[in-house]
Amino acid sequence: MTKTRSFALFGTALATVALAACGSTPTTPTPAAPAAAAASTTARAPSSATAASATVKVATTSLGSVVVDGQSRTLYMFTKDTKDSGRSSCAGQCLVAWPPLTVDAPPTADGVTGTLATIATADGKKQVTLNGWPLYYYSKDTKAGDTTGQDVGKVWFVLDPTGTPVGMPAATTTRQTTSRPGY
């Protein structure tokens, strides 16, 4: 009887962990926090809910001025996406590691001079784009200002306020043409 109860408890715990790991779409609040407060606030990993709207703003990081969400969580672009194609190339496990910034209403800009728009995701949500680049979070960024996703696999990069990738070789600014790890 004890073994049966232990297996049942283990199975329940395992199922709970598996379900928690499935979330992949971020929640983004509409109001932008003041810069000083946001810099000291711990950001949560993006959850599975879509925000009504999103503010895309600028923050100063170790990489310079980069685009972040309303909670100062860093946003990234993926060189395997084709700029201005209207679609994302990130799917499956890629979306677990790199959840998209999605919204129900048009995104707003605060200090961002590039063009914000949205594209349809495979599951029918609206993913925010900046100058034609779909925007993503990195699941390993744990707090506001983290930029640990920069140059992962030589295919993930932050964007400056104009929507230009930061630190990416010039030959890959429209699309990554060689296969490299990193999703």
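Two strands pair if DSSP finds at least two bridges between them. Keep that in mind, because strands (E, at least two residues) and helices (H or I, at least four) are DSSP runs, numbered from the N terminus.

Now the model. This is a predicted model: local features need pLDDT of at least 70, side-chain atom pairs count only at pLDDT 80 or more, and totals for chains, interfaces and linings use all residues. Residues are numbered from 1 along each chain as its sequence is written, and side-chain values use heavy atoms, with hydrogens and water left out.

First, the layout. The protein chain has three helices and nine strands. From the N terminus on, the order is α-α-β-β-β-α-β-β-β-β-β-β. Buried means under 20% relative accessible area, exposed means over 50%, and partly exposed is in between, with a 1.4 Å probe and protein chains only. Of the 183 residues in the protein chain, 40% are buried. Contact means heavy atoms within 4.5 Å. Take the contacts with a separation of 6 or more: 69% of them join residues 24 or more positions apart.

Next, strand 7. Is it enclosed or open? Strand 7 covers residues 126-130, and four of its five residues are buried, so the rest of the structure largely encloses it. Look at its partners. Strand 6, residues 116-120, runs antiparallel to strand 7, with five bridges. Strands 6 and 7 form a hairpin with five residues between them. In that turn, G124 has a positive phi of about 85 degrees.

On to strand 8, residues 133-134. Two bridges join it to strand 7, again antiparallel. T129 has P134 as its bridge partner. Strands 7 and 8 form a hairpin too, with two residues between them. Strand 4, residues 102-103, also runs antiparallel to strand 7, through two bridges. There, T102 is the bridge partner of Q127.

Now two phi angles. Most residues other than glycine have a negative phi. Which way does N131 go? Its phi is positive, near 50 degrees, and it is not glycine. N131 lies in the loop between strand 7 and strand 8. At 22% relative accessibility, N131 counts as partly exposed. D151 is another non-glycine with a positive phi, about 70 degrees. Find D151 in the loop between strand 8 and strand 9, residues 156-158. Its relative accessibility is 29%, so D151 counts as partly exposed.

Then the inside. A nonpolar core is a set of buried Ala, Val, Leu, Ile, Met, Phe, Trp, Tyr and Cys residues joined through side-chain atoms within 4.5 Å. In soluble globular proteins, nonpolar side chains tend to be buried together. Here the largest core has 17 residues. Among those with the most contacts inside it are V56, L130 and L159. What does L159 touch? Leaving out residues up to four places away in sequence, its contacts include L75, M77, L130, W133 and L135. Apart from that core lies another, of 15 residues, among them V66, C90, Y136 and W156.

Last stop, T61. It sits in strand 1, residues 55-61. At 14% relative accessibility, T61 is buried. A polar atom of its side chain lies 3.0 Å from the backbone nitrogen of L63. Not counting residues up to four places away in sequence, T61 touches V66, G145 and T147.

How values were computed
Polar contact = N/O pair within 3.5 Å; in protein donor to acceptor, adjacent residues only side chain to side chain.
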